[in-house]
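User: I want to learn how to read a structure like this one. Can you take me through some of its features?

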Amino acid sequence: MAEQQDSGVSRSRPGGRLRKTVTLVGMMGSGKTAIGKALAARLSMPFVDSDHEIEAAAAATIAEIFARDGEPFFRDREAEVIARLLRAEPAVLSTGGGAFLAERNRRAISEAGVALWLDADVDLLWERVRHKQTRPLLRTADPRRTLVEIYEARVPIYRLADLSVKADPKYSIEEMTDAVVRALAGRPDVLESDDA
């Protein structure tokens with residue numbers, strides 16, 4: 001019945017208001033920043049990016065922090081920043097690709113709101129990241145193979161997210177945002193519908 005109502009409303013985009021923080025998780029290149037910004041704009045909520053917040057606090061890029069201090073140091077700072085951001089008012093939070101791997105982050109995200117996995121396959125991810133020099137984990141002799149290895153190791157953990165939305169290469173940012181809002185609509189404790 002809802003589908004019939006939706007089909008009668010051309011150009012209408014699903015929306016609502018967040019009651020809790022939505023944390024976008026997934027691989028590098030899955031669209032967490034682009035979709036996060038679009039989702040925040042759609043819902044008139046703040047958008048925050050944990051990697052950006054880490055860089056601002058450290059006055060260094062993620063790649064520089066990795067090179068200077070190592071990954072364990074970075075992961076500790078990442079957990080601190082995510083915990084701080086989750087204590088703020090409800091928002092759309094984009095996290096780095098490795099953030100959800102840490103049990104402490106998964107627990108904090110779940111307690112504060114909902115984790116939503118942007119599920120993109122390896123071919124789509126590679127298409128999006130292969131020309132970028134800002135991915136420290138891909139600075140290897142065979143970056144595509146490294147991406148596949150990271151993907152295969154992380155997907156079982158991403159599947160622990162509360163919700164997931166499959167990324168379709170044909171989707172525009174708006175269409176992917178529509179799919180995310182539809183997924184969130186199944187969680188009225190997180191997203192208050194416009195119709196409520």
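Analyst: Start with confidence, since this is a predicted model. Over residues 1-11, pLDDT stays under 50. The model has 0 contacts beyond four places in sequence for residues 1-11.

User: What does the chain average in pLDDT?

Analyst: The average is 88. A score of at least 70 is reached by 90% of the residues.

User: Is the crossing of H3 and H5 left-handed or right-handed?

Analyst: The crossing is right-handed.

User: Which residues make the contact?

Analyst: H3 brings Ser50, Asp51, Glu53 and Ile54. H5 brings Phe74, Glu78, Val81, Ile82, Arg84 and Leu85. By type, the residues in this contact are 5 nonpolar, 4 charged and 1 polar.

User: Now a single residue. Where is aspartate 119 found?

Analyst: Aspartate 119 is in strand S5, which covers residues 113-119.

User: Is aspartate 119 buried or exposed?

Analyst: Check the relative accessible area against the cut-off: under 20% means buried. Aspartate 119 has 13%, so it is buried.

User: What does aspartate 119 touch, leaving out residues up to four places away in sequence?

Analyst: Aspartate 119 touches Tyr151, Val165, Lys166 and Ala167.

Notes. Residues numbered from 1 in each chain as written. Predicted model: local features only at pLDDT ≥ 70, side-chain atom pairs only at ≥ 80, totals over all residues. Heavy atoms only, no water. pLDDT = per-residue confidence, 0-100. Contact = heavy atoms within 4.5 Å. Left-handed = near helix turned anticlockwise from the far one by under 90°. Helix = DSSP H or I, 4+ residues; strand = E, 2+ residues; numbered from the N terminus. Nonpolar A, V, L, I, M, F, W, Y, C, P; charged D, E, K, R; others polar. Buried < 20%, exposed > 50% of the residue type's maximum accessible area, 1.4 Å probe, protein only.
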